[in-house]
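Please walk me through this protein.

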Amino acid sequence: MLRLGWFSTARGQTSRKLLTAVQEAIDRGYIQGRIVVVFCNREPGEDANTDEFLRLVQAYGIPLVTFSYRRFRQQRGLPPVRQGEPLPPWRRDYDREVIRLLRPYAFDIAVLAGYMLVASDVMCQEYDLLNLHPAPPGGPKGIWQEVIWQLIEARAERSGVMMHLATPEVDEGPPVTYCLYSLRGPDFDPLWQQMEGRALAEVRATEGEENPLFLQIRRHGVAREVPLVVETVRALAEGRVAVREKRVVDARGRPIPGLDLTEEIERLVAASREAGPGER
């Protein structure tokens, strides 16, 4: 049985959806495993969305560990870590304390599900951590907004979603699982045509994230994120993919460039569309 750790900052609804999807799959026997601990880098009372997530964890009866990153930093008079800058040494101190708090809970692998902190080398050496990234292997890096703009700029034929092994270098870890989807066809072709002759800078300045093509790419990506997390955990529980000494391997222990779950994910996305909003 797969023993799973779960890390989240839980800033919004998606964090709750991811936890619910995996826990319900475990409860109905679809995944042979259990979540042995949830770690949150916020404590009760810091944020309303996070509080709702923490109540959900408690309702499931999952052991919960919280340790406020904000309080840790502010009590020591430390400045915020700016995106893109190297992690300062004190971030390792925070991660060492997290590891100490989690020591009573033995898990095989952990999912970073809405966890907003970059894992330091200390954390990555201690645990195998899976991170969700809204692009296929070899695709754009960065936050999801920048990924979409890069896809549009390159007039990409396809995109995808992957779960990769977290490393201190953001978005650089080896793919564990992934799925692909086309950026062409009836849903996309008219929107690409609307972009003809338009400079990307002008589109970003005038329409921004309300651009129809941007929104369509985002919709297709989001539709695959929760299914990919569930199917990844299932594949790990079944031994179809594993992480061994920071290498991704198949059921026979052979190194692989990630497990392609496109077929499974597309089947689930199609079933969700057919069910309609009221039946999901």
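## About the model

This is a predicted model: local features need pLDDT of at least 70, side-chain atom pairs count only at pLDDT 80 or more, and totals for chains, interfaces and linings use all residues. Residues are numbered from 1 along each chain as its sequence is written, and side-chain values use heavy atoms, with hydrogens and water left out.

## Overall shape

The protein has ten helices and ten strands. Both are DSSP runs, numbered from the N terminus: helices are H or I with at least four residues, strands are E with at least two.

Its radius of gyration is 19 Å, which agrees with the value near 19 Å for a compact globule of 280 residues. That radius is taken over C-alpha atoms, and the globule rule is 2.2 Å times the number of residues to the power 0.38. Along the principal axes, the C-alpha atoms fill a box of roughly 55 × 45 × 40 Å.

Of the 280 residues, 50% are buried. Buried means under 20% relative accessible area, exposed means over 50%, and partly exposed lies in between (1.4 Å probe, protein chains only).

Take contacts between residues at least 6 apart in sequence: 70% of them join residues at least 24 apart. A contact means heavy atoms within 4.5 Å.

## A residue in helix H9

Leu228 is found in helix H9, residues 212-238. Is Leu228 buried or exposed? Leu228 counts as buried because its relative accessibility is 0%.

Which residues does Leu228 touch, leaving aside neighbours within four places in sequence? The contacts include Leu132, Val161, Met163, Leu261 and Ile265. Thr177, Tyr178 and Cys179 are also among them. Arg184 is 44 residues from Leu228 in sequence, and their C-alpha atoms are 21 Å apart in space.

## Strand S7 and its partners

Strand S7 covers residues 175-182, and seven of its eight residues are buried. S7 pairs with strand S6, residues 158-165, through seven bridges. These two strands run antiparallel. Two strands pair if DSSP finds at least two bridges between them.

Tyr178 stands opposite Asp260 in S10. Tyr178 is also one of the contacts of Leu228.
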